[in-house]
Amino acid sequence: LRDLSRIWQGMLITTAEVIHCKEILLKLWQHECTRVVADRFTSSEDCEWFNKTLMTVAAEELREEMRSVVSAEETENFFIDFLRDPPEATGEEPEDKEYEMPKVYEAVESLEVLKERLNLFMFLYNETVRGGHLDLVFFEDAIIHLVKISRIIRTPRGNALLVGVGGSGKQSLTRLTSFIAGYQTYQITLTRSYSTLDLLEDLKTLYKTAGQ
């Protein structure tokens with residue numbers, strides 16, 4: 001039931017404006033099922049079984065022609081909430097007004113469109129974050145991982161453990177994704193004298209920041 005509720009929670013993020021046809025709704029369902037369930041798999045065989053099962057369910061419960069909608073490759077089926085630009089100023093707003101991007105959960109046209117968007121955010125990150133410099137190459141796997149991280153941190157009570165070898169880009173992707181979402185990042189700095197008391201103090205600082 002918990003996983004089922006997370007699928008529905010992801011589908012309810014979007015708006016009626018985005019779901020303008022049954023094909024988009026089915027793609028959204030496929031995307032959320034993949035993010036909640038298939039992203040936990042560690043073997044390609046399990047992922048292939050999952051995709052075949054989705055196609056079978058779509059064909060049995062809906063119609064056979066719906067199988068082709070679900071059979072699209074994963075790289076062609078992404079939903080994110082950072083495609084739209086902030087509204088332009090009209091001159092009537094207060095000077096200190098901040099223009100935020102509308103968070104509309106919608107489908108991505110193509111990986112090339114998403115890649116251009118991510119390069120823009122990386123440029124903004126390097127321009128605005130003091131001491132921060134990212135020089136990422138957005139190849140297909142990097143884009144897919146960033147989309148996964150983005151959905152997790154934008155979901156209430158979302159959490160993830162990123163596992164991989166050092167230098168694979170886990171921290172850089174997380175920093176960029178947090179910047180896109182408008183979040184602050186906090187990282188523990190380890191030293192040789194780092195102790196349990198230091199960890200507790202870092203946790204206090206983190207909880208205070210999160211509670212503000």
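## A loop residue to start with

Is Arg 157 buried or exposed? Arg 157 counts as exposed, at 74% relative accessibility; the scale used here calls a residue buried under 20% relative accessible area, exposed over 50% and partly exposed in between, with a 1.4 Å probe and protein chains only. Arg 157 sits in the loop between α6 and α7 (170–181). Its backbone deserves a look too: Arg 157 has a positive phi of about 60° although it is not a glycine. For background, most residues other than glycine have a negative phi, and most peptide bonds are trans.

## What you are looking at

Please keep in mind that this is a predicted model, in which local features need pLDDT of at least 70 and side-chain atom pairs count only at pLDDT 80 or more, while totals for chains, interfaces and linings use all residues. Residues are numbered from 1 along each chain as its sequence is written, and side-chain values use heavy atoms, with hydrogens and water left out.

## The chain as a whole

The protein chain has 8 helices and 2 strands. Here helices (H or I, at least four residues) and strands (E, at least two) are DSSP runs, numbered from the N terminus. In sequence order, the pattern reads α-α-α-α-β-β-α-α-α-α. Along the principal axes, the C-alpha atoms fill a box of roughly 60 × 50 × 35 Å.

Of the chain's 212 residues, 30% count as buried. The accessible surface comes to about 14600 Å², and 54% of that belongs to carbon and sulfur atoms; such areas come from the Shrake-Rupley method with a 1.4 Å probe, and for residues only the protein chains shown count as cover. Turning to contacts (heavy atoms within 4.5 Å), among those between residues at least 6 apart in sequence, 63% join residues at least 24 apart.

The charges come next. There are 24 positive and 35 negative side chains, and the centres of the two sets lie 7 Å apart. In this count Lys and Arg are positive and Asp and Glu negative, with His and the chain ends not counted. Each charge is placed at NZ of Lys, CZ of Arg, CG of Asp or CD of Glu.

## Where α2 meets α3

Helix α2 (residues 22–36) and helix α3 (residues 44–61) have axes that come within 11 Å and cross at roughly 145°. On the α2 side, the contact is made by Trp 29, Gln 30, Cys 33 and Thr 34, and on the α3 side by Phe 50, Leu 54 and Val 57. For the geometry, axes are lines fitted to C-alpha atoms, for helices over the stretch in contact, and angles run from 0 to 180 degrees between N-to-C directions.

His 20 is exposed, with a relative accessible area of 62%. The C-alpha atoms of His 20 and Tyr 207 are separated by 41 Å, and the two residues are 187 apart along the chain.

Ser 150 itself is found in helix α6 (residues 140–154), and it counts as buried at 7% relative accessibility.

Phe 179 has its place in helix α7 and is partly exposed, with a relative accessible area of 25%. Leaving out residues up to four places away in sequence, Phe 179 touches Phe 121, Leu 124, Tyr 125, Thr 128 and Val 129. Phe 179 and Arg 6 are 173 residues apart along the chain, with their C-alpha atoms separated by 24 Å.

Asn 119 belongs to helix α5 (residues 111–128) and counts as partly exposed at 32% relative accessibility. From Asn 119 to Gly 211, the C-alpha distance is 32 Å, across 92 residues of sequence.

Leu 203 is found in helix α8 (residues 196–211). At 29% relative accessibility, Leu 203 counts as partly exposed. The C-alpha atoms of Leu 203 and Ile 188 are separated by 9.1 Å, with the residues 15 apart along the chain.
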